Structures are given as C-alpha cells and as structure tokens.
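Trainee: I am new to this structure and would like a close look at a single part of it. Please take me through it in one go.

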Amino acid sequence: DHYHPGINISIDESMVGFKGKTPHLRQYMPLKRHARFGIKLWCVCDSQNGYTSFFEVFRGRNPAEPVDPRGSTYVLVMRLLAACDYLYSGHHLGVDNYFSSPQLFLDLYAQGTTATGTVRSIRRGLPKAALKQRLRNQEVSERRMGPLLCVVFKDGSKTPVLLSTAVRAGFDEVRRRGRQVQKPRVVLKYNE
C-alpha cells in the first residue's frame, strides 16, 4: 500500500523453494537453478531495484472458468496490472516472450500503459514480411502498425523479435567492450 514503483515495471515468474506436502501448489521447473521444486509466483516488480510490489500464487488452471480467446497470459497480465492500479497511470511494462502478444500491447496502450518485450515469432498478429526477411549480422527489419513497433534484429547467431509501444524506430549509439556501436532503440528500452 505504501510503496510506489518507478515508471518502469515488469511482470515475470518466480519460484519459492518449498519441499512440503502441498501437491496442488507445488510446481516443478527444471530450468530454475535455485529452486526446481516450489511454489510458482507471478510477480509485478519495479525494474530499477527489483522490488516486488505485488504477486499472485499460481494455482493451476481452473477448469470451471471459460477459456478466453485472447489467451491466458493476456488475462493474467491485465489482472495483475488492474490489481495494482497500474493501468491508466503512465507506467511502462517490460515482459518476456511468454507474456507478449501484439493484442496485449495494443490494449495496454489504449489503457495508458506502454510496453516493450520480446515476442515469439509464431504469435498471431506479427507482420509476416518482417519475419521472413533474411538478415545479415547487425541488420534490422522494422515494421509499424499504429502505435506498435515490431523489430527483428540479427545479433550474431540470435535473431530476437521485439515489440514496443514506447519507442520510435531507429538506432542509438552505446559503448560495448570499449567501442561505440549502434543498437536499435527498442533493444535498449527492453534492457532498461
């Protein structure tokens, strides 16, 4: 009630190690090194200091609830932000590819919240022309649909796809290993 985060917030999962006997709450996530068995939390955090301002315990899908056509992660993000009163307050949300979708970002933008995040290339609503284009190292393909910017960036062996409603297309210079390099603005905003 008393903590107010900065403008940049993020939503992600967290595991709290627990070996007790609560089969309906206990989860197994093999990629989490600090706690493979435990209780899974959905956390809303301040991006500047990592302070968790709100969390919800993952209890599994309720079969009695109807399935939302926009997806369960869409509903989760909207529910978490509404519970914190962070919609219509000018916050910027950073999320990873598990939560991101073009529809989510456009709906958040309509509710006064900008967002930036990586996105899976198979998500519905992404521009096919940007995804199919063959890129050489350090090349970028950018497409815009209203307030939503889609960027495909070739960086070495990785080709991340990013979405943002907060930045404009283009590059900024940053120092990397002692020299100036050009990075897309959306990548810098995501790292922030």
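Which backbone oxygen lies 3.1 Å from a polar atom of the side chain of S100?

Mentor: This is a predicted model, in which local features need pLDDT of at least 70, side-chain atom pairs count only at pLDDT 80 or more, and totals for chains, interfaces and linings use all residues. Residues are numbered from 1 along each chain as its sequence is written, and side-chain values use heavy atoms, with hydrogens and water left out.

The backbone oxygen is that of D96, 3.1 Å from a polar atom of the S100 side chain. S100 sits in the loop between β5 (92–95) and α2 (102–110); helices (H or I, at least four residues) and strands (E, at least two) are DSSP runs, numbered from the N terminus. Beyond its neighbours within four places in sequence, S100 is in contact (heavy atoms within 4.5 Å) with V95, F105, G117, T118, V119 and R123.

F105 belongs to α2, where the buried residues are P102, L104, F105, D107 and L108. The elements that cover them include α1, β5, β6 (114–118), β8 and β9. Not counting residues up to four places away in sequence, L108 touches V77, M78, L81, L87, L93, T113 and A115. After α2 comes G112, which has a positive phi, near 75°.

Methods. A polar contact is a pair of N or O atoms within 3.5 Å; within protein, one must be able to donate a hydrogen and the other to accept it, and residues adjacent in sequence count only if both atoms are side-chain atoms. Buried means under 20% relative accessible area, exposed over 50%, partly exposed in between (1.4 Å probe, protein chains only).
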